[in-house]
Amino acid sequence: MTADTALSAPLHAAQDEGVVGELKARFSADMLIVQTTRTGMPVVWVPREKLKEVLTYLRNLPHPYVMLYDLHGMDERLRTQRRGLPPADFTVFYQLMSIERNSDVMIKVALSINDLTLPTVTDIWPNANWYEREVWDMFGIRFDGHPLLKRMLMPDNWQGHPLRKDYPARATEFDPYALNAAKQDLEQETLRFKPEEWGMKQQSDTSDFMFLNLGPNHPSAHGAFRIILQLDGEEIVDCVPEIGYHHRAAEKTGERQSWHSYIPYTDRVDYLGGVMNNLPYVLAVEKLAGITVPARVEVIRIMMCEYFRIMSHLLFLGTYIQDVGAMTPVFFAFTDRQRAYKVVEAITGFRMHPAWFRIGGVAHDLPRGWDKLVKEFIDWLPKRLDEYEKSAIRNSILKGRTVGVAQYNTEEALRWGVTGPNLRATGLSYDMRKARPYSGYQNFEFEVPIAHNGDAYDRCLVRIEEMRQSLRIIDQCLKNMPEGPFKADHPLTTPPPKERTLQHIETLITHFLQVSWGPVMPANESMQIIEATKGLNSYYLTSDGSTMSYRTRIRTPSFPHLQQIPSVIRGSMVADLIAYLGSIDFVMADVDR
Amino acid sequence: MSWLTPSVIAIILAVVKAIVILLAVVICGALLSWVERRLLGLWQDRHGPNRVGPFGAFQLGADMIKMFFKEDWTPPFADKMTFMLAPVIAMSALLIAFAVVPITPTWGVADLNIGLLFFFAMAGLAVYAVLFAGWSSNNKFALLGSMRASAQTVSYEVFMGLSLMGVVAITGSFNMRDIVEAQHQGMWFIIPQFFGFCTFLIAGVAVTHRHPFDQPEAEQELADGYHVEYAGMKWGMFFVGEYIGIVLVSALLVTLFFGGWHGPLLPPFIWFALKTAFFIMLFILLRASIPRPRYDQVMAFSWKVCLPLTLINLLVTGAVVLYNATPAVVH
């Protein structure tokens with residue numbers, strides 16, 4: 001895979017049915033059940049016995065599905081609207097991505113409660129490892145042949161599988177929490193790292209290894225992230241990343257919040273992404289509802305998203321330089337972020353978590369004088385970016401710390417599910433805004449910056465250039481802001497239209513119900529991928545014709561990025577690990593959800 | 001009062017002088033914590049501590065109160081004796097080394113004829129503070145920190161000694177006062193000994209474990225390294241010890257390369273203080289401006305760049321000294 005093949009990638013074919021034909025030609029047609037959804041990709045149910053065969057086939061097709069984009073499950077037992085689907089208590093789905101085809105395919109397997117086992121696919125895509133562990137953790141579905149099927153997000157001694165429908169979603173449904181000395185000891189013992197469990201040796205022929213527990217409280221772990229290092233001196237022999245300390249059950253929460261009231265929860269998934277988190281969610285809901293938004297809404301959304309991309313990248317830049325030991329630039333980066341926040345605050349009324357997008361539009365129109373504020377910012381930042389580059393990025397010590405450090409190539413990146421700037425730093429130009437434009441990105445002129453070495457240094461260069469491109473997009477928003485309404489005229493938008501409520505009682509009642517219970521979305525499935533600050537972020541929503549989502553699957557970019565760490569860092573030094581962690585640009589909320 | 005002979009008076013005076021000087025150094029070192037934070041604030045587009053007293057100058061008092069009243073915690077898994085000893089060494093070793101620094105023609109604690117050697121000895125002892133702290137804490141981060149410290153000190157002390165031998169060769173003495181006087185008669189040694197100055201400055205930064213040679217601490221990697229288990233006054237002693245190190249190395253740079261107290265118009269003490277303050281600021285500026293190289297890069301730099309440079313410098317200096325010396329002097 002080279003950059004050139006990707007550049008010539010075909011336009012995104014929303015319902016690329018070609019692969020269904022290929023599957024039907026290879027496997028018997030009555031074995032495959034094709035489900036119609038609004039996910040924008042073919043969804044094919046296959047029997048469990050054939051799963052491994054089908055997935056292997058898809059991986060090895062001409063123009064193969066190189067990336068396991070997502071893997072998760074669903075408890076189907078309470079789902080009422082599932083006409084035409086095979087009977088199932090639980091489903092596991094595999095979303096595969098092909099860069100050369102520029103399209104996805106979703107494979108689903110039905111499982112019965114009496115036999116919740118599946119073969120592992122870690123031998124086809126290594127990044128299935130963590131996803132399968134999470135499915136085991138959340139649903140209790142076992143994967144035969146998995147290297148070490150431990151809980152992923154919950155503690156090892158946790159009882160039950162939280163995403164099952166019979167597992168309570170509210171704390172009030174449990175006994176009050178109590179912690180006594182015995183329980184505390186037990187919890188602490190659970191957290192103890194046992195190298196043997198992971199097949200790690202305590203010593204080699206020549207030396208004893210030291211096991212160093214880095215995190216969950218460590219200044220450079222970027223949040224509650226724990227990684228256990230097997231050290232020979234200062235050289236990392238192997239390591240085990242441990243996540244779950246920031247888990248807040250965002251997906252479970254989706255099943256008990258109305259479509260509208262879930263928006264603020266999305267803000268907190270990638271907490272540096274702000275309204276950019278709202279975007280895939282509202283776009284997916286709008287697909288379910290069949291809402292088309294006015295042009296002004298699209299442009300406002302893009303402008304705000306690019307603002308948050310810049311702010312996230314600025315924070316990355318500051319902390320990245322700090323991670324390699326220079327203390328000053330982070331303060332300057334925060335001053336610049338403050339200037340961006342000034343604009344965000346003036347427009348949305350909030351800073352980090354504005355929850356400002358609405359189903360069918362945005363919360364309110366742009367305030368008077370917004371253009372002046374935006375202009376000030378886009379005039380200010382380019383000079384500063386040049387300055388960062390001159391004073392910090394070209395510094396020879398910084399280069400010595402990051403050039404050639406934690407390097408991986410495009411093939412490895414795709415195998416591990418790496419997306420976003422971390423993928424583009426390896427030389428592959430794959431940006432969802434260009435590859436599969438959403439929310440009107442096709443109307444903007446911008447370039448997709450790439451680098452070629454895929455090391456810690458290039459990941460930084462790509463992000464700096466992305467900020468410049470984001471400024472370009474914001475500038476185009478500023479110059480071409482369309483007139484018109486800031487919300488679609490559709491009964492399912494939130495808050496619901498109110499103009500005619502005081503004229504008929506029926507309208508008033510409907511409005512009242514839509515405000516108190518929330519709108520009812522038609523039963524279907526939909527999905528939207530966006531190019532978020534850290535990589536590809538998507539919401540896969542299943543509606544059962546209710547006021548709440550039946551299943552909300554949030555695929556975040558940072559999760560696979562952390563899973564990749566051991567394969568990249570083996571043989572490097574502790575200081576390299578810190579530079580690498582800084583260059584990944586992750587936040588734990590985006591990993592644990 | 002017959003016992004008050006002139007010699008006794010001289011002894012008392014010397015003791016008083018010594019106490020005054022050492023106290024002044026300690027206070028300077030402690031005050032530096034405020035100076036550093038204010039300067040960093042200035043360079044980093046922020047305020048720094050500015051609430052206590054004029055310009056926050058009494059911040060030190062507030063910090064002292066905090067440190068004194070903090071729980072003086074010793075971890076149960078630590079080796080008690082060594083754990084207590086480490087901060088004492090950290091603070092005292094470099095403080096004692098200050099005894100050989102001549103401040104003005106009349107002020108100074110000791111006028112040792114092995115002045116420089118005494119400093120090397122004390123700088124060598126100072127590494128035990130880090131070693132003991134890292135070893136006795138029984139903490140893996142601390143251990144890694146002290147491992148780095150010992151490796152770094154070994155490599156940097158090698159050429160620190162050699163970097164000053166040029167100065168010694170020109171002067172023909174280890175005595176600091178002789179070195180200052182030699183510069184008064186000739187020129188400041190920064191010119192003939194420029195490479196000696198560069199390498200000594202680098203070694204000085206490394207000996208005080210200041211950024212970018214703060215490998216034993218390396219906050220981003222080792223989460224404060226060797227003193228991660230320390231709290232309260234014991235931690236405070238490490239903290240002040242580091243600043244005393246800065247004052248000492250700055251004072252030595254002034255004495256050895258910048259003519260000590262000599263300068264036009266102003267009294268000797270002011271010249272000495274001004275020059276020293278300049279180097280202290282340089283230390284802080286270094287911390288504010290550059291990233292930290294990787295540990296093995298630091299070692300490689302020491303052995304592959306600094307050591308050859310000092311050796312060449314010493315060879316050339318020796319050749320020049322021999323060439324200039326009249327044959328009559330060479331026996």
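Modeller: Domain bounds here come from an automatic or database domain assignment, and the model to which they apply is a predicted one.

Colleague: Into which domains is chain A divided, and how far apart do their C-alpha centres lie?

Modeller: The assignment divides chain A into domain 1, residues 3–144, and domain 2, residues 250–592. Between the C-alpha centres of domain 1 and domain 2 of chain A the separation is 26 Å.

Colleague: Which element gives the largest share of the side of domain 1 of chain A that touches domain 2 of chain A?

Modeller: Taking contact as C-beta atoms within 7 Å, 26 residues of domain 1 of chain A meet 29 residues of domain 2 of chain A. On the domain 1 side, two or more residues each come from α1 (3–7), β3 (67–75) and α4 (128–139) of chain A. By class, that side holds 13 nonpolar, ten polar and three charged residues. The largest share of it, six residues, is given by β3(A).

Colleague: How many charged residues has the side of chain B that touches chain A?

Modeller: In the contact between the chains, 21 residues of chain B face 26 residues of chain A. The elements of chain B that contribute two or more residues are α5 (140–171), α8 (219–222), α10 (268–289) and α11 (295–324). Alongside nine nonpolar and four polar residues, the charged residues on this side of chain B number eight.

Colleague: In the open sheet β8-β9-β10 of chain A, which residue of β10(A) is the bridge partner of A:Leu231?

Modeller: The three strands pair in the antiparallel sense, with β8 (210–214) and β10 (235–242) of chain A as the edge strands. Strand β9 (226–232) of chain A pairs with β10(A) over seven bridges. Within β10(A), the bridge partner of A:Leu231 is A:Ile236.

Definitions and conventions
Residues are numbered from 1 along each chain as its sequence is written. Chains are lettered from A and ligands numbered from 1 in the order in which they are written. This is a predicted model: local features need pLDDT of at least 70, side-chain atom pairs count only at pLDDT 80 or more; totals for chains, interfaces and linings use all residues. Two residues are in contact if their C-beta atoms, placed from the backbone, lie within 7 Å. Helices (H or I, at least four residues) and strands (E, at least two) are DSSP runs, numbered from the N terminus. Ala, Val, Leu, Ile, Met, Phe, Trp, Tyr, Cys and Pro count as nonpolar, Asp, Glu, Lys and Arg as charged, and the others, Gly among them, as polar. Two strands pair if DSSP finds at least two bridges between them.
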